[in-house]
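Thanks for coming, everyone. Please look at the sequence and the model on the screen, and then we will walk through a few parts.

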Amino acid sequence: MARETKFERFQVRQMTGPIGAEITGLDLARDRSPETMADLKRAIHRYHVLAIRDQKMELEDVHQVRAALGPFSGNPVHEPIDGYDDLMILNREPDETGKVIGEDWHMDLAWLAKPPGITMLYGHDVPPVGGDTCFTSLEWAYRSLSPAMKAMIEDFVVVHSGKGVLGQQYGSVKMRADVHKIASFEVEHPLVCKDPVTGERYLFISSVIDRIKGFTPAETRPIVDYLFKVATRPEFNCRLRWAPGTLGMWLNPCVMHTAINDYPGYRRTMYRSTIEGWTPIAASGTRVAA
């Protein structure tokens, strides 16, 4: 893909037309200046998914990058690493079988009043092949809708629920002792939102949608299922191929992602953190009641 020339502190190569870019020529263990962080934020609002290659990072480095990008968003689901409240480990051992965490299309913590703005994932132990993550652009999904569909859903408010998250224990991934509390989490978000930085519209959809406000579950399902089908079309996707030392970042409210379970017999260990986001903004200007 074409190389982006508008960034001075690192090189950017676009992954696909709609979404994703690889970043090279940057050492975040040494350079976390405000100017570099501002450029990274600009890049993530432009491409929504970044693969920052050839990093040599320990837990403290990942923590410091998170701190330089913004406040920790909080995580009411997963147990943090000792000494780092903002970091968790996603680990899968070679002999583990069954589904991997994040195997279905989803958005991180969509059922919070303020979902994470940026998710960070650092590849510590990466299989020699497999274990990729696929992303899809909710901005391009919205653009593809017909004018009639856009008009119909313009003011829809969708209820996202934490109740579907319980019981999803994956191997050695540790859950918080009080994770049962999230069953009561329920939040209303606009279905059509706008990026507070670029003003671009996107669909705010997730795998934990319970209903469209004012609609019955039976009426909700075909609409949500259709939007999911549109949002996950391959032409709106990119595939992040992990390598040791890759730091992935994505603009969480504007994408969905899915983990590819194709690396049996290999260990995969990732360090994860999330940066505080924004309360979703209705593109129509209509405010959603708190």
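Start with strands β7 and β15: they pair in the antiparallel sense, over 5 bridges. Strands here are DSSP runs of E, at least two residues long, and helices are runs of H or I, at least four long, all numbered from the N terminus. Two strands pair if DSSP finds at least two bridges between them. Within this pair, Thr-133 stands opposite Ala-259 of β15.

A word on the source. This is a predicted model, where local features need pLDDT of at least 70, side-chain atom pairs count only at pLDDT 80 or more, and totals for chains, interfaces and linings use all residues. Residues are numbered from 1 along each chain as its sequence is written, and side-chain values use heavy atoms, with hydrogens and water left out.

Back to the strands. β7 and β15 belong to an open sheet of 3 strands, in the order β13-β7-β15, with antiparallel pairing. β13, residues 237-240, and β15 are at the edges; each has a single partner strand, so one side of each has no neighbour in the sheet.

Strand β8, residues 157-161, pairs with β9 over 5 bridges, in the antiparallel sense. There, Val-159 stands opposite Glu-188.

Stay on β9, where we also find His-189. Is His-189 buried or exposed? His-189 counts as buried, because its relative accessibility is 2%. Buried means under 20% relative accessible area, exposed over 50%, and partly exposed in between, with a 1.4 Å probe and protein chains only. The His-189 side chain reaches the backbone oxygen of Leu-112 at 2.9 Å.

Which residues of α5 are buried? They are Thr-220, Ile-223, Val-224, Leu-227, Phe-228, Val-230 and Ala-231. They cover an arc of only 160° around the axis, which puts them on the same side of α5. The arc is taken from the directions from the helix axis to the C-beta atoms. On the other side, Ala-218 and Lys-229 are exposed.

What covers the buried residues of α5? The cover includes β7 and β15 from our opening pair, along with α3, β11 and β12.

Notes. Contact means heavy atoms within 4.5 Å. A polar contact is a pair of N or O atoms within 3.5 Å; within protein, one must be able to donate a hydrogen and the other to accept it, and residues adjacent in sequence count only if both atoms are side-chain atoms.
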